[in-house]
Amino acid sequence: MLERVRAIGVVGAGGAGFPTYRKLEARAETVIVNAAECEPLLHKDKEILRHNLDPVLSAAARVARQVGAERAIVAIKEKYEDLIDRIRVHGEQYGVEVHPLGDYYPAGDEFVTVYEVTGRVIPPGGLPLDVGCLVVNVETLLNIELDHPVTHKFLTVGGDVPQPVTVRAPIGAAYGDVLRTVGVDLDAVGHVLVGGVMMGSLMRSFDEVVTRMTGALLCFPEGHSLPRRYATDARARDLIGKSACDQCSFCTELCPRYLLGHPIEPHMAMRGLEFNMVGDALVLGSQFCCECNLCSLYACPEDLFPKDACADNKRTMRVKGLEHPSRGRTDVRPHSMQEYRHVPVASLIKKLGLSGFRNVGELVDVDWRLEQVRIPLQQHVGQPAVPAVREGDRVTVDQEIGAAPEGLGVPVHASMDGVVAHVGDHVVIRRNG
Ligand code: SF4
Ligand code: SF4
């Protein structure tokens, strides 16, 4: 199974991109299928389950056998009652259970999901495996079960578009081509957030391409406050934070990792900004930040950027090889208010100014008539794939165009027929050469 999962190029499709074959070498007691999809406007996981429930459940059972787990549990929002009923019925034959989650953010953060499903707290800086759990995304399981080279990616196109949809897009397709194909007028698009409104990033160009980690393209009109916040320059962010943070500590009080008992306090990272002019003011607990952005985009009454203060601390600590002394501690306990401080997705939608967008994304079939794809050789954690084709070669869909590297990594496959026009850090395939 591991060899096959590597050969077809399966990586964490929830956005992490960690090669799945390596993850499945572990031993675990419980496999958790992460179907929480807690960010507003995202719909791909639920759509995958609606259309491919049996393959996903079958893969969950196979993965559980592979890692020696006694239980496999689908964690999904309680509001999807239709799916929960179907998982209960179909899950019986595969030995897969279901665990309903509240409709809050970030229910899909794996530390939070593991706590909700098992009552176990992953140690600060640890992994689900530290408490006997292996967390796998829905699409990753589907890719395992299809047993076919991973050449396409499910993603939601939503936000300020005529009709939000979920599609299965060829890897290497330009964002502009994807948006045009589903009926979006590019001239009417102000900005695009790639991946999600909370943990995504601002698209720089319509020429950027879909990879195995792309989960959404969310369009915004010019002038919307959310993309403007993402576009704020780092220096301006720090200066505003330094002068305006009043240390109210709301950011900390709502931080999901703080509420799990981890020693992270984003308001302290903000306080550190006061001292950065006279030397490093690293706040070590920042290394336990999952960058969920709840502190910046929801908790802070002054619209400051505590998440970025934590992320900057984390980066510096990594470079300096510093670690918080509590890393790996197994005696952390959740805050007494943990279960009462969940942020409802409905409140998040209002706060982010998303109420005017339709929060739907039905899976639709699309006739992709692309002239070109530009497939990155690095779409995963680890080493890039090694080019296996040369300019001028004719290739067919599913063909390996990048071989698995020596170390951690997976191969890369063509997502359409055509002629190789360029080989560099991407392989460009043109339909007509
Ligand atoms: S919530 Fe905002 S103002 Fe309050 S401590 Fe955090 S960053 Fe400062
Ligand atoms: S982004 Fe903010 S709320 Fe989220 S884990 Fe980091 S510090 Fe906590």
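Two strands count as paired if DSSP finds at least two bridges between them. Helices (H or I, at least four residues) and strands (E, at least two) are DSSP runs, numbered from the N terminus. The model shown is predicted: local features need pLDDT of at least 70, side-chain atom pairs count only at pLDDT 80 or more, and totals for chains, interfaces and linings use all residues. Residues are numbered from 1 along each chain as its sequence is written, while chains are lettered from A and ligands numbered from 1 in the order in which they are written.

**View 1. The open sheet β14-β16-β17.**
G402 stands opposite V412 in β17. Strand β16 (residues 400-403) pairs with β17 in the antiparallel sense over two bridges. The open sheet has three strands in the order β14-β16-β17, with antiparallel pairing. β14 (386-387) and β17 (412-413) are the edge strands; each has a single partner strand, so one side of each is left without a neighbour in the sheet.

Six of the six residues of β1 (residues 30-35) are buried, so the strand is largely enclosed by the rest of the structure. A residue is buried if 20 or more other C-beta atoms lie within 10 Å of its own, exposed if 12 or fewer, and partly exposed in between, with C-beta atoms placed from the backbone. Both faces of β1 are covered, with T30, I32 and N34 buried on one side and V31, V33 and A35 on the other. β1 runs parallel to β2 (residues 71-77), to which six bridges join it, and T30 stands opposite R71 of β2. Five bridges join β1 to β5 (residues 133-137), also in parallel; here the bridge partner of T30 is C133. β1, helix α3 (residues 44-67) and β2 make a right-handed β-α-β unit (with the strands pointing away from the viewer, the path from the first strand over the helix to the second runs clockwise).

**View 2. The shell around ligand 1.**
Of the 14 residues around ligand 1, C245, C248, C251, H267 and C300 come nearest. A residue is near a molecule if its C-beta atom, placed from the backbone, lies within 6 Å of it. α10 (250-253) and α12 (266-272) each supply at least two residues of this shell. By class, the shell has nine nonpolar, three polar and two charged residues (Ala, Val, Leu, Ile, Met, Phe, Trp, Tyr, Cys and Pro count as nonpolar, Asp, Glu, Lys and Arg as charged, and the others, Gly among them, as polar).

**View 3. The shell around ligand 2.**
Ligand 2 is surrounded by 15 residues, of which C255, C289, C292, C295 and K307 are the closest. Two or more residues come from each of α11 (256-259), α13 (294-299) and α14. The largest share, three residues, is from α14. This shell divides into 11 nonpolar, one polar and three charged residues.

Most residues other than glycine have a negative phi, and most peptide bonds are trans. E291, in the loop between α12 and α13, has a positive phi near 60°. With 15 C-beta neighbours inside 10 Å, E291 is partly exposed. D303, in the loop between α13 and α14, has a positive phi of about 55°. With 12 such neighbours inside 10 Å, D303 is exposed. A cis peptide bond, with omega about 0°, joins Y105 and P106; P106 is in the loop between β4 (104-105) and α5 (110-118).
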